[in-house]
Amino acid sequence: MKTLKLLFALFLSVSITSCVVVNDEPIVDNFVSLEEVVGGYDLWYVDFHRTTGNAEIPYLSKAFTVSFFNGDLYANNNIVDIGITGNGLGIHVGSYRTFVDGVLETRHDLDGSYSFEVIQISANEIRLNDLQSNTSYFLVGYQRNNFDYDMLFYDNIEYFLQEYVAWERTGAANGTPNPFDSEHFLQFTPENITTFYSSQDNFGTNVDLINWDYVGSYKVEDIQDYDDLKFLTLYYDGGDTEEFELSVINDGTIELFHLSSNTTYVFTGRGFILYKKGDSKVKKEAVRNSGRKRTKIKRNKIIRRVLK
């Protein structure tokens with residue numbers, strides 16, 4: 001681990017590239033500036049689950065990735081359409097400056113200015129220490145062509161489920177008849193990561209007109225040795241419990257394998273919500289009037305209970 005600030009102080013009096021002659025052989029010493037470090041990767045994944053401290057930087061708590069490009073600050077606040085929005089960088093949210101003492105200053109359009117000490121942990125990992133608090137954010141660098149999109153979806157599955165006003169059942173295969181067959185819509189709301197709603201309204205109902213018949217809580221668990229699978233449990237307030245293996249087909253489709261009936265359900269997202277700067281949103285199909293920020297999630301890890 002090294003502090004970039006100390007690295008810059010060491011080379012403060014030399015040029016970006018200096019040449020030293022030892023035994024008549026030139027040795028080129030390449031100085032890497034903070035600008036080159038933060039701009040060296042297209043996308044910095046905000047590994048929010050590793051965040052430390054009691055304070056909060058609002059825009060970093062909303063972003064899944066941030067990017068630093070020629071003084072402009074970008075963020076992907078949505079999982080849906082990531083890799084597409086803003087040519088992969090997301091939306092423009094502000095500006096930034098770097099200094100030779102290793103300080104990164106960001107100016108977010110809504111959240112204001114923040115200054116960070118930058119700690120380089122590895123070749124593609126940095127830690128941002130907020131200079132006004134004891135809060136630190138961990139960022140992992142990727143180029144757009146090698147970003148681990150599957151990791152992002154499954155690591156933040158609760159937030160992916162929130163990015164549609166409703167999930168409509170668009171397919172069902174195999175299995176035996178069971179009460180869940182009557183559930184046509186599911187909703188996972190952004191005010192927390194534990195509440196879901198369900199509806200038995202007719203397929204094709206406008207998302208703004210859905211009558212949410214049932215409510216309950218839900219839990220997502222990791223499955224040991226499976227990075228591309230989660231275990232979802234729905235706890236209805238009426239006392240019923242439904243258990244599924246959850247897999248992501250694409251950024252608009254999920255598959256739920258119902259353990260008790262062996263039915264495979266396909267749900268498609270309806271009413272995508274684009275989260276912009278701060279709490280503002282742009283309506284694509286529908287609007288939900290709520291801000292969103294991430295919280296640190298600690299999931300149980302379980303052994304897979306059934307092999308399909």
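Here are some friendly notes on this predicted model, point by point.

1. **Ground rules.** The model is predicted, so local features need pLDDT of at least 70 and side-chain atom pairs count only at pLDDT 80 or more, while totals for chains, interfaces and linings use all residues. Residues are numbered from 1 along each chain as its sequence is written, and side-chain values use heavy atoms, with hydrogens and water left out.

2. **The chain overall.** You will find five helices and 21 strands in the chain; these are DSSP runs numbered from the N terminus, helices being H or I with at least four residues and strands E with at least two. Of the 308 residues, 49% are buried, where buried means under 20% relative accessible area, exposed over 50%, and partly exposed in between (1.4 Å probe, protein chains only). The chain exposes about 14700 Å², with carbon and sulfur atoms supplying 48% of that area; the areas come from the Shrake-Rupley method with a 1.4 Å probe, and for residues only the protein chains shown count as cover. Among contacts with a separation of 6 or more, 53% are between residues 24 or more positions apart (contact means heavy atoms within 4.5 Å).

3. **Aromatic pairs.** The whole structure holds 17 aromatic pairs. Rings of Phe, Tyr and Trp (its six-membered ring) pair if their centres lie within 6.5 Å; planes under 30 degrees apart count as stacked, over 60 as edge-to-face and the rest as tilted. Phe-68 and Tyr-96 are edge-to-face because their planes stand at 80°, with ring centres 5.3 Å apart. Phe-68 belongs to strand 5 (residues 65–69) and Tyr-96 to strand 7 (residues 91–98), so this pair ties together parts 28 residues apart in sequence. Both Phe-68 and Tyr-96 are buried.

4. **Arg-304 and its partners.** Arg-304 is worth a look from two sides. It lies over the face of Tyr-226, at 4.8 Å from the ring centre; a charge sits over a ring if NZ of Lys or CZ of Arg is within 6 Å of the ring centre and within 35 degrees of the ring normal. The side chain of Arg-304 also joins that of Glu-245 in a polar contact of 2.8 Å. Such a contact is a pair of N or O atoms within 3.5 Å; within protein, one must be able to donate a hydrogen and the other to accept it, and residues adjacent in sequence count only if both atoms are side-chain atoms. Glu-245 sits in strand 17 (residues 241–250) and is buried, with a relative accessible area of 3%.

5. **Strand 14 and its neighbours.** Four of the five residues in strand 14 (residues 195–199) are buried. Strand 14 pairs in the antiparallel sense with strand 13 (residues 185–188) over four bridges, and with strand 15 (residues 214–223) over four bridges; pairing needs at least two DSSP bridges between the strands. A hairpin of six residues joins strand 13 to strand 14. Phe-196 is the bridge partner of Phe-188, and Gly-216 in strand 15 is the bridge partner of Phe-196.

6. **Asn-124.** This residue is in the loop between strand 9 (112–122) and strand 10 (125–130) and is partly exposed, at 25% relative accessible area. Beyond its neighbours within four places in sequence, Asn-124 contacts Tyr-41, Trp-44, Leu-139, Val-140 and Gly-141.
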